[in-house]
Structure formats: structure tokens, C-alpha cells
Amino acid sequence: MTAVYASVDDLRRAARDYLPRMVFDFVDGGAEREITLRANLADFEPLRFSPRVLTDVSAVDLGTTLLGEPIALPLAIAPMGLCGLVRPQGELALARAAKAAGIPMVLSTAASHALESVMDAAPGNLWFQLYIFRDREFARSLVQRARAAGYRALVVTVDLTRGGKREKDIHNGFTVPPRFTRRTAMDLLRHPAWLARMAPHRKQTLGNLVDWGGRDKNVVALSTFMNTQIDPGISWADLEWLRGEWDLPLVVKGILHPDDARQALAAGADAIIVSNHGGRQLDGAPSTISALPRIADAVGNATEIILDSGVRRGADILKALALGARACMIGKAALYGLGADGEAGVARVLTILRQEFDVAMALSGNQRAAAVRPDTLLS
Ligand code: FNR
């Protein structure tokens, strides 16, 4: 029987059944008490639309532009590491689905697949996400590889000066290095479909990092090394440095304060991403939808604001646009699709969000995603 997926939540449930708990929790979990993770979703709920009627919504235009490029929907897929653990195709499947839907995808530094292979699989509107490592020469080499491969924007993530404490991962032994116990073995055995699909792809790696210092290519060795390379000393000067290294659009991901938004622009950023890393980093950080209005007040006229963290519905996208975002990104929602049904599952997630967004636009009386009425929400 083919599963019926009416909502992103349906695909989340299917992914939870398919994936070993250690993988599902890695995708789905947040830091510490998961206060921010929950707030990301909950804070969309009290926002109410102020619908207008008889506005002729026979031809709602869902397209817009982002960083100067036309996109079919004000949405992108956020950068995520280790997607190959969900399905072997990982980021290749995400990129193909994004391309088919006419939206950008951001490829993570910590992706399972190398940035060149992802571009080969889905040539188009791909952006590259960078962590600024202690080894600046290696960071620079990644930037140069991304430029040579045809990536159209560079996203620098600035909210990971330490790894957030994700307690589910600790309990599951999903740590660096991993801790294999009887319980984790049982967990894997209880998910034979996942095991069978992964078996030929046991040799997982971090595709962008394999040439780094001639190290062992396996995912544990590379992740261990990457953790030692997280640089807590990054500062605004590094952003200015990066600006000099990259001549296409530069986007700063992980902004939650209006002053930081202003400073990012002063350092040469072309756009900002209001993000709390999906609640995976600082527990107690504000939800992004609650942080957005002040940031939009500060820089909304000067730049494009992208919002991620907690987007699960087309109506969430419309709420973010009404509060000043140009577009949203999805992280977990895309991986629920990937887990549930591979590339077809990601495509399904994007179709659901597109349809929901279309309905929310029409029923609120909006005709163009690029020009959502500012009074779309009750104030
Ligand atoms: C992430 N995120 C992330 N961000 C980043 O800049 N680089 C990365 O490598 C990762 N890795 C990563 C892995 C997984 C499994 C998840 C779920 C998330 C954060 C991501 O880009 C995005 O900010 C959040 O996922 C957005 O929140 P939602 O949509 O997941 O609620």
C-alpha cells in the first residue's frame, strides 16, 4: 500500500519508522531541554492572519527572486551535514529535488557527498555553506573549490563556536567517536530496510573534507578532526577576510540580533539568515519567528532576510514573509522527506509546502509572493 502523505508531519512519522533511532534523533533532536526547538514551532501558532477577500487570486504568483536569481517558491533547502546516513544518496537527492522544484539548496561543509559531485548531480542554483576552520588555508581552498564548481553564493555559519549539547545523541552513542552498545546494535537491527539500503554504503565519509591533510577518509576520523578545527575565535574580521576571498553573494547564517544584522552588512554581507540552527545549538535562544520583526526593522530595507528554524507549513512561510523575510529555508522537513521516501519524499515535502503556501496566499488575499501585504497578519 502506498503511503498517503498529506503534511510534513506525515513524512516525519514515516521517517521515524524507517530510520534507526540514533539517526532519527540526530535529525530531529535539539540541544539540552529543547526549549528553543519547541519554541521554533510553537511561536508560529499564535500569529493570526488578517485575510482580505474579493482580491482576484486566480493567478497567485508564488515565484520571487533571491540574491538576484528567480526562484519558483520563496524557499530553499538549508545546509545539513551527514545526510548520507539518512539515505545513501543524501545531498544528491536533496539537490535534485530542489532543482526540480526550482528552488536553491545550500550544501554543507559537513555533507556526506563532495561539493563537485552534488553540482554534477544537479547543476543549478546551489550555494555552499562554510564553517571557518582554524586552518584558514583549508577554508580558503573550500571557497575556491565552490567557486570553481559553480556555486552561486557562499553562506558562512557563525553560530557554531562550540557544538550544542544534544542529549539524545549522547544517550544513543551518536557521538564522535560513536559509542556502540548492545542497545545501538538492537536499534539498527530493528530497522532492516535502512540497514539493507546502507550496507553497500558502509564507508561513509565527509565528501568535502577527504583531502584535508591526507587523513583517514572515514567519517569518524574526519568528524573528530573537524571538531578540533571548529574555531571559537572567529570574529567580524574573519567575515571581512571572507568577503575578500569571494566575489559572489555572501550570506551570514545564524543572526538573531538586529545589531549583528547591521554589522554583518557593514562587513560586506549581501544577505542574512535569521537562524538558531533549528534549536540544535543554544538552548534558550529565541525562536526565529519571534526574533524576525526587530531584525526586519533594522535591516529589512537594506538587504534580503532569509528565515529558517521551525518551518513545517506553507502558512509558516507566509507568516515569515509578512514579518519581513524574503524567503525561508527548511532543514528537518527536507530530511523527513529523504528518510520517508528518498528523493521522491523530498519532492513530496516541497510539493506539500508549495500547495499549502498557495492556499495560504490565496485565502489571505495575497497575489504575489514577492509583494506580500504587510498587513497580512493581525498586529
Ligand atoms: C543542520 N544544520 C546545519 N547548519 C549548518 O550551517 N551547517 C551544517 O552542517 C548543519 N547541519 C545540520 C544537520 C542536521 C541533521 C540538521 C537538522 C540541521 C542547521 C540547518 O541548516 C538549519 O539551520 C535548521 O535545520 C533549520 O531548522 P529546521 O528547519 O530544521 O527546524
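Is His277 buried or exposed? His277 counts as buried, at 13% relative accessibility. Here buried means under 20% relative accessible area, exposed means over 50%, and partly exposed lies in between, with a 1.4 Å probe and protein chains only. The model is predicted: local features need pLDDT of at least 70, side-chain atom pairs count only at pLDDT 80 or more, and totals for chains, interfaces and linings use all residues. Residues are numbered from 1 along each chain as its sequence is written, and side-chain values use heavy atoms, with hydrogens and water left out.

His277 also has a positive phi of about 65°, although it is not a glycine. The residue lies in the loop between strand S8 (271–274) and helix H13 (288–299). Helices (H or I, at least four residues) and strands (E, at least two) are DSSP runs, numbered from the N terminus. Leu82 likewise has a positive phi, near 60°, and is a residue other than glycine. Its place is in the loop between strand S3 (75–77) and helix H4 (90–101). Leu82 is buried, with a relative accessible area of 15%. A further backbone feature is the cis peptide bond that joins Val176 and Pro177, with omega about -5°. Pro177 lies in the loop between helix H7 (167–172) and helix H8 (182–189).

Salt bridges were examined next. Side chains of opposite charge can pair when their charged atoms come close. A salt bridge is defined as a side-chain nitrogen of Lys or Arg within 4 Å of a carboxyl oxygen of Asp or Glu. The structure holds 18 salt bridges. One of them pairs Arg21 with Asp25, with the closest N and O atoms 3.4 Å apart. Arg21 and Asp25 are separated by about one helical turn, because they are four residues apart in helix H2 (residues 21–28). Arg21 counts as partly exposed, at 49% relative accessibility. Asp25 counts as buried, at 10%.

Helix H6 (residues 136–149) holds both Glu137 and Arg140, three residues apart, or about one turn of the helix. Their side chains meet in a salt bridge at 2.5 Å, N to O. Arg140 is partly exposed, with a relative accessible area of 22%.

Asp247 forms a salt bridge with Arg147, the closest N and O atoms lying 2.7 Å apart. This pair links distant parts of the chain, 100 residues apart. Asp247 is in the loop between helix H11 (236–245) and strand S7 (250–255), whereas Arg147 is in helix H6. Asp247 counts as exposed, at 57% relative accessibility. Arg147 counts as partly exposed, at 36%.

Two packed helices are described by the angle between their axes and the distance between the axes. Axes are lines fitted to C-alpha atoms, for helices over the stretch in contact, and angles run from 0 to 180 degrees between N-to-C directions. The axes of helix H1 (residues 8–18) and helix H15 (residues 332–364) come within 9 Å and cross at roughly 175°. H1 is therefore roughly antiparallel to H15, a label for angles over 145 degrees. Contact means heavy atoms within 4.5 Å. On the H1 side, the contact is made by Val8, Leu11, Arg12, Ala14, Ala15 and Tyr18. The H15 side includes Ala333, Tyr336, Arg348, Val349, Ile352 and Leu353. The contact residues divide into 11 nonpolar, three polar and two charged. Ala, Val, Leu, Ile, Met, Phe, Trp, Tyr, Cys and Pro count as nonpolar, Asp, Glu, Lys and Arg as charged, and the others, Gly among them, as polar.

Terms used: Parallel < 35°, antiparallel > 145°, perpendicular 65-115°, else oblique.
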